[in-house]
Amino acid sequence: MIKKLIPDYVYKTIYDIPLEQLHSDGIRLILTDLDNTLISYAETLPNEKLFEWKKKVLDLGFEFILVSNSRKERVDKFAKAFDIPYQKFSTKPLKRGIKRAIKKIATKKYEKNQILLIGDQLMTDILGAKRCKITAGLIFPVDKSSDIKSTRLNRKMEQFFLNRIKKKMPDVYNLKLKEFDEI
Ligand SMILES: [Mg+2]
């Protein structure tokens, strides 16, 4: 179980994702979480910086889909304002929402090694990506203090597993998760 919580990559923010590098590594489809990945829970709409980032993502030739566990209208509003395809109520870490995004929403057929999922939570985003056998990128939450109740519960579980990883796989922990754990 804990191996499935280890991200392939860790970035402080989405702006730190080395898009050119990922593209030359063969990634073509980027799935991202919404809350505390693209915007904090306190925000509702994409800002100028995010629009610039999206343009770069698309210009480089990636396909980009939003995959959120939230069922709220804020997901529809954000995705429409940001003009991107999306899957809400995606039930990460279950596979079905992620699979639906890959198989039904994506405009092309992608191999698993061409897909990257980016998110701010080990228990939903990273575990979901690993279950689907796609590449997992962890982002530091945009504003942890804005986490809603369900996310706070997930974070408690996340903390339990971070402690386990620290104990059982100290090298991996130091390399990939220490900084994330300490924020
Ligand atoms: Mg999130």
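Me: Helices (H or I, at least four residues) and strands (E, at least two) are taken as DSSP runs, numbered from the N terminus. With that settled, which helix gives the most to the lining of the second largest pocket?

Reply: That is helix 4, residues 95-105, which contributes four residues to the lining. Please note that this is a predicted model, in which local features need pLDDT of at least 70 and side-chain atom pairs count only at pLDDT 80 or more, while totals for chains, interfaces and linings use all residues. Residues are numbered from 1 along each chain as its sequence is written, and side-chain values use heavy atoms, with hydrogens and water left out.

Me: And what counts as a pocket?

Reply: On a 1 Å grid over the protein atoms alone, a pocket is an open set of points where a 1.4 Å probe fits, with protein on both sides within 12 Å along at least five of seven lines; lining residues have an atom within 4 Å of a point.

Me: What volume does the second largest pocket have?

Reply: Its volume is about 260 Å³, that is, the space filled by probe spheres set on the grid points, which are joined across faces, edges and corners. The second largest pocket is lined by 13 residues, of which Lys99, Ile102, Lys103, Tyr110 and Lys112 are the closest to its centre.

Me: How much space lies in the largest pocket?

Reply: The largest pocket holds about 380 Å³. Its lining comprises 19 residues, and those closest to the centre are Tyr41, Asn69, Ser70, Ser150 and Thr151. Two elements give two or more residues to that lining, namely helix 5 (122-131) and helix 6 (149-168). The largest share, three residues, is that of helix 6.

Me: Changing topic: which residues of helix 2 are buried?

Reply: Leu50, Trp53, Lys54 and Val57 are the buried ones, where buried means under 20% relative accessible area, exposed over 50% and partly exposed in between (1.4 Å probe, protein chains only).

Me: What covers them?

Reply: The cover over the buried residues of helix 2 includes helix 1 (19-24), strand 2 (29-32), strand 3 (63-67) and helix 3 (73-82), with contact taken as heavy atoms within 4.5 Å.

Me: What does the face of helix 2 turned away from the buried side carry?

Reply: That face carries Glu48, Glu52, Lys55 and Asp59, which are exposed. Just after helix 2, Gly61 adopts a positive phi of about 100°.

Me: And helix 3, what is buried there?

Reply: Arg74, Val75, Asp76, Phe78, Ala79 and Phe82 are buried in helix 3. Helix 2, strand 3 and strand 4 are among the elements that cover them. Just after helix 3, Asp83 has a positive phi of about 55°.

Me: Where is Ser40, and is it buried or exposed?

Reply: Ser40 sits in the loop between strand 2 and helix 2. Ser40 is classed as buried because its relative accessible area is 5%. Apart from neighbours within four places in sequence, Ser40 is in contact with Arg74, Val142, Asp143 and Ser146.

Me: What about Leu117, buried or exposed?

Reply: Leu117 belongs to strand 5 (residues 115-119). With a relative accessibility of 1%, Leu117 is therefore buried.

Me: What does Leu117 touch?

Reply: Not counting residues up to four places away in sequence, Leu117 touches Leu31, Ile98, Asp125, Ala129, Ile134, Thr135, Ala136 and Gly137.

Me: On to the backbone. Which residues does a cis peptide bond join?

Reply: The cis bond joins Lys92 and Pro93, with omega about 15°. Pro93 lies in the loop between strand 4 (86-87) and helix 4. For context, most residues other than glycine have a negative phi, and most peptide bonds are trans.

Me: What phi does Asn36 have, and where is it found?

Reply: Asn36 is not a glycine, yet its phi is positive, about 65°. Asn36 is found in the loop between strand 2 and helix 2. Its relative accessibility is 0%, so Asn36 counts as buried.

Me: And Lys133, what is its phi?

Reply: Phi of Lys133 is near 60°, again a positive value in a residue other than glycine. Lys133 occupies the loop between helix 5 and strand 6 (135-139). Lys133 is exposed, because its relative accessible area is 61%.
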